[in-house]
Amino acid sequence: MARKAKSVPAGPYDVVIVGGGPVGLSLALSLHRFLPGVRVALLDRRPFTVPADQRASALSAGVRRVFEALGVWDEVAGSAQPVLEMRITDSGEGDISRPLFLSFGGEVAPGEAFAHMVPNRVLIGALLGALGNAVDLVSPAEIVNLTVEGARAVLALKDGRSFEAPLVVGADGAQSLLRGFAGIGVMTHDYRQSGIVTTIAHELDHHGIAYEHFRPAGPFASLPLPGRRSSLVWTESPDEARRYQSMPREEVAGVIENVMGSSLGLVTVEEPLQVFPLRLQMARSFVAPRLALVGDAAHVVHPVAGQGLNLGLKDVAALAEVAIAALRLGLDPGAADVLEKYQRWRRFDTTLIAMVTDGMNRLFSNDVAPVRAVRDFGLGVVDRLPPLKTAMIRQAAAINGGQPRLLSGQPI
């Protein structure tokens, strides 16, 4: 069901956010929750709706704490599936066996899983419900220009309206219009791979275990959902991905069972396969005068480690903290020093994750015997070094030191 957008005046606002996905919604709620009275507009070219499909996202422990602090986790938790273990296997083309080289236990603290799988419809519904009428939701909003006039940014809409604020946030995705209006370029690498996403039901219980199986074409991940269901994200060549997308679901189910070694028994494909191109993309700057980029507008990484949405929500935690600190002191939330603090906070972590996911994909997406021997040896070494495994889990779970307060579940 679509959430009816308001007919609103065009400002002035303290913050205008463009992009009504989970990242934009979370930022709007963060500003409202910790700075009552802040004037926020959230614009999107599409209606604010709860999606009807069954897709789900992996939320790290730190990101789960963000939603605890925002007061929405209790509504989400009943539909979330904790990831209790991660098992990583490797095989070459035609291999029958799939040896286990690395496994991670699923707790970052007693009783706290390092990740949860959450249906997108549940998460978006909870965020929209928590926002209520606290911010102005504006849709459809087709933006045609972004200009900076002194201490304010001005967004011009196709219908003649304009929205003004000292800070505009681009949460408008990988093809961000705002990034283009600001003249921010991107560094990009085409993996010449396609990602395939679908949801499956299966005969056997997954027991909360996520599987990452590396194949020559790329990683194949099975991520547990509530009940005997799992979310699949797997990598293929563009031609193969299109071929699978055109196949009957019963045939695709057979392919999936074969890849998984029948570890979950008989499989039923519940949704049409969705296919999207894979690339690495980093904005050359996360900020411009009066503009901050968050989520896919700032960075797109390979899905091999399930970090895409988590990176965007870490952006939210950092930007909300610096903007709220400025507004509480009566300062300009879009000032250059405020935006630069946000960029410094997020640039290193984002670059690190991009390098790790890029390296993993390059290392594992091949069937060269010497390379396979080296990588499998490396995985085995990591598996036998608990301190290193713990450090890797804490990094992926976004619970290392120096993080924004929301990632520790603390209010801003």
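Mentor: Let us begin with the polar contact, a pair of N or O atoms within 3.5 Å; within protein, one atom must be able to donate a hydrogen and the other to accept it, and residues adjacent in sequence count only if both atoms are side-chain atoms. The model is predicted, so local features need pLDDT of at least 70 and side-chain atom pairs count only at pLDDT 80 or more, whereas totals for chains, interfaces and linings use all residues. Residues are numbered from 1 along each chain as its sequence is written, and side-chain values use heavy atoms, with hydrogens and water left out.

Gln 343 makes such a contact: its side chain reaches the backbone nitrogen of Phe 286 at 2.7 Å. Gln 343 belongs to helix H9, residues 336-364; helices (H or I, at least four residues) and strands (E, at least two) are DSSP runs numbered from the N terminus. With a relative accessible area of 11%, Gln 343 is buried, a word that stands for under 20%, while exposed is over 50% and partly exposed lies in between (1.4 Å probe, protein chains only). Leaving aside residues up to four places away in sequence, Gln 343 touches Ser 285, Phe 286 and Val 287, where contact means heavy atoms within 4.5 Å.

Asp 349 and Arg 346 are three residues apart in helix H9, so about one helical turn separates them. Asp 349, like Arg 346, is buried.

Elsewhere, salt bridges that share partners join Arg 64, Arg 65, Glu 68 and Glu 112 into one network. Within that group, Glu 112 and Arg 64 form a salt bridge whose closest N and O atoms are 2.2 Å apart. Glu 112 is in strand S10 (residues 112-113) and Arg 64 in helix H2 (residues 61-69), so their pairing ties together parts 48 residues apart in sequence. Glu 112 counts as buried at 12% relative accessibility, and Arg 64 at 7%.

Let us turn to a sheet. Strands S5, S11 and S6 form an open sheet in the order S5-S11-S6, with antiparallel pairing. Its edge strands are S5 (56-60) and S6 (81-82), each of which pairs on one side only. S6 pairs with S11 (residues 115-119) in the antiparallel sense over two bridges; two strands pair if DSSP finds at least two bridges between them. Pro 82 stands opposite His 116 in S11. Helix H4 (residues 120-131) packs on the sheet, touching S5 and S11, and its direction makes about 80° with that of S11. For this angle, axes are lines fitted to C-alpha atoms, for helices over the stretch in contact, and angles run from 0 to 180 degrees between N-to-C directions.

Note on methods. Salt bridge = Lys/Arg side-chain N within 4 Å of Asp/Glu carboxyl O.
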